Amino acid sequence: MIPESMKKELLEKVASAVTSREAAVDVMKELQRHYGWLTDEAVDEAAEILGLSPLQVDELATFYEMIYRRPVGKRVIQVCDSISCWSVGCDGIMEHLKRRLGVEAGGTTEDGMFTLVPCACLGNCGEGPTMMIGDTLYGRLTAERVDEILEMENKRYE
Amino acid sequence: MELVLFKHNKPEGPLSLAEYRAAGGFQALRKALGGMSPEEVQQMVIDSGLRGRGGAGFPTGKKWSFVPRNLPGPRYLICNCDEMEPGTYKDRVLLEANPWLLVEGMILAGYVLGVEHAFIFIRRGYETPARNLRQALAEAGEAGLLGKNILSSGFSMEIDLHVSAGRYICGEETALMNALEGKRANPRSKPPFPAIRGLWGGPTVVNNVETLSNIPSIVQNGPEWFKGLARIPEAAGNKLFCFSGHVRNTICVELPLGMTLGEMVEGPCGGMAPGKKFKACIPGGASTPFFTASHFDVPMDFDAVAKAGSRLGTGGVVVFDEQTCMVGATLNLIRFYARESCGWCTPCREGLPYVQDVLERFENGLGEEGDIELLREHVKYLSLAFCPLAPGAMGPVTGLLQYFEDEIRDHIVKKKCPFKT
Ligand SMILES: Cc1cc2nc3c(=O)[nH]c(=O)nc-3n(C[C@H](O)[C@H](O)[C@H](O)COP(=O)(O)O)c2cc1C
Ligand code: SF4
Ligand code: FES
């Protein structure tokens, strides 16, 4: 369950929106931040806060790239696989990451640290190949740079 | 050339309000609120020839003029900063350097349309632009440039920032309105057009970031000046072009509309990357049919590019060298569209995976002669889809069939992709 203070904040957000639904994406994001992913419990809580049915919330949750209805690692690595990054070798970067992390696309490492997913254009097309980890964008990737970045990201959680 | 959108940029971080003001910022707003009627401002935008920079190139002033001003209830303005069309990153570069042109442009548009509540819909992952905008909106409020009674003119307006959770279709204007309302972001049928019945049923204008950022300079300097910025008389204004792929400089630059493709590649792009030879390009974002070196003389403007069989789109130019497999490039683009299809209508939901499968067969050496005809048929059927996503997805396929049919056939005859070793 989310803390009362958080629930109160979200209810205020909903109350100040034009319609309560308008705040749906913000509410889902906040709940996801709390739980790490949008759990069934989070869907129920979002529904209650928004005055929607859990099904209506799920209909939104399953639409968006950034809302996870399954558990993910502490850090989600998103590798752009769109055309500009493809033209400069994003496929090789994805293969390298799979090997390094020992997972397939969509998988989470055994230590629960990283989830690896392909994603659509990140708007960094001039500096591909590109990936995003959390809120941080990394461009001009090479295998060596990817290794450095993984090490750095790992350290952050030690 | 005279810069408009990148004029104020400085290398270290975003422009402050004080700096923007010192460079003449918000003078256009003062001019409009101080002595021009909304109709006069709208007429200036109509006369300027400004066309939408979000992909469709619709004349901006004309779009505004469709909005009925006599219906009861609120009207809305939405700035579209979804920018998820692969190869396009101009709105990010613009907002990272300067959020103020957009803020001033939106207030001016709001004044013309009589809008009290406007929105900026920004994609996920644009952390720096979102931060810049949040700060600019707060500062503008404190400075009396937003909120109640702007610059003591009696006109009031607020702007809300909505950060999306990521999905390409949210950039389509009617899907965007559903997304803002907190509904599943499937597109809506048109008519009714957003100008008549849009966000929460109210008359609504959706404009791109770059489009709105052009408004202050038009109001400040006049429509003739704006027209004169372009390289050819048929065009009007500058445009942000963002280059990627195999050119030397993969950068976003402001250029006069009407410069030829060849001039762009040889000039601002610095030619091809070392050791590479030009084969083809996407001229305006993922949904636009390919150009080849035979198009180097085409002036990069809406009508000229359309006449040459493609679209200027967003200005996202992706250049491919001779080692690029165009079947592979098309497959990559179709995979994007198949994944981003919102699933609402059958031609798109079912058709795109089918096209993807045909292209995969070519790439894997399993293609047959009849498959080329299948592709052609799908270009036709997918144009019947509910929204422009699926017809847009057929842009690259159209280009592939037109200029690279021999390359497809090579895949069939050799029973493998000739570019793979
Ligand atoms: C699938 C799809 C995605 C789109 N994405 C965007 C986008 O990210 N940004 C944008 O400005 N326009 C996008 N558009 C175009 C918008 O529907 C609309 O035409 C545009 O925002 C209008 O602004 P403008 O007249 O200033 O160009 C998209 C259209 C489609 C069909
Ligand atoms: S064409 Fe595709 S994206 Fe558009 S409504 Fe149909 S399924 Fe959705
Ligand atoms: S294509 Fe990868 S960031 Fe745009």
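1. Start with ligand 1 and B:G54: in this predicted model, a polar backbone atom of B:G54 sits 2.8 Å from an oxygen atom of the ligand. As for cover, the ligand taken alone exposes 610 Å², and the protein buries 90% of that.

2. Who else is around the ligand? The shell counts 18 residues, and B:G54 and B:K63 are among the closest, along with B:E83, B:N208 and B:T211. By type, the shell splits into 7 polar, 6 charged and 5 nonpolar residues. If you want one element to look at, take strand β4 of chain B (residues 204-208), which gives the most to this shell, with 3 residues.

3. Now the packing. The largest nonpolar core runs to 84 residues, and A:Y64 and B:L352 have the most contacts inside it. Helix α14 of chain B (residues 326-340) supplies the largest share of this core, 9 residues.

4. B:L352 deserves a click of its own. Which residues does B:L352 contact, leaving aside neighbours within four places in sequence? On one side of the numbering you get B:I334, B:Y337, B:A338, B:S341 and B:P347; further along come B:L382, B:L389, B:A393 and B:M394. In general, nonpolar side chains tend to be buried together in soluble globular proteins.

Key. Residues numbered from 1 in each chain as written. Chains lettered and ligands numbered in written order. Predicted model: local features only at pLDDT ≥ 70, side-chain atom pairs only at ≥ 80, totals over all residues. Heavy atoms only, no water. Core = buried A, V, L, I, M, F, W, Y, C linked by side-chain atoms within 4.5 Å. Buried < 20%, exposed > 50% of the residue type's maximum accessible area, 1.4 Å probe, protein only. Helix = DSSP H or I, 4+ residues; strand = E, 2+ residues; numbered from the N terminus. Contact = heavy atoms within 4.5 Å. Near = heavy atom within 4 Å. Polar contact = N/O pair within 3.5 Å; in protein donor to acceptor, adjacent residues only side chain to side chain. Areas by Shrake-Rupley, 256 points an atom, 1.4 Å probe, with all protein chains shown as cover. Nonpolar A, V, L, I, M, F, W, Y, C, P; charged D, E, K, R; others polar.
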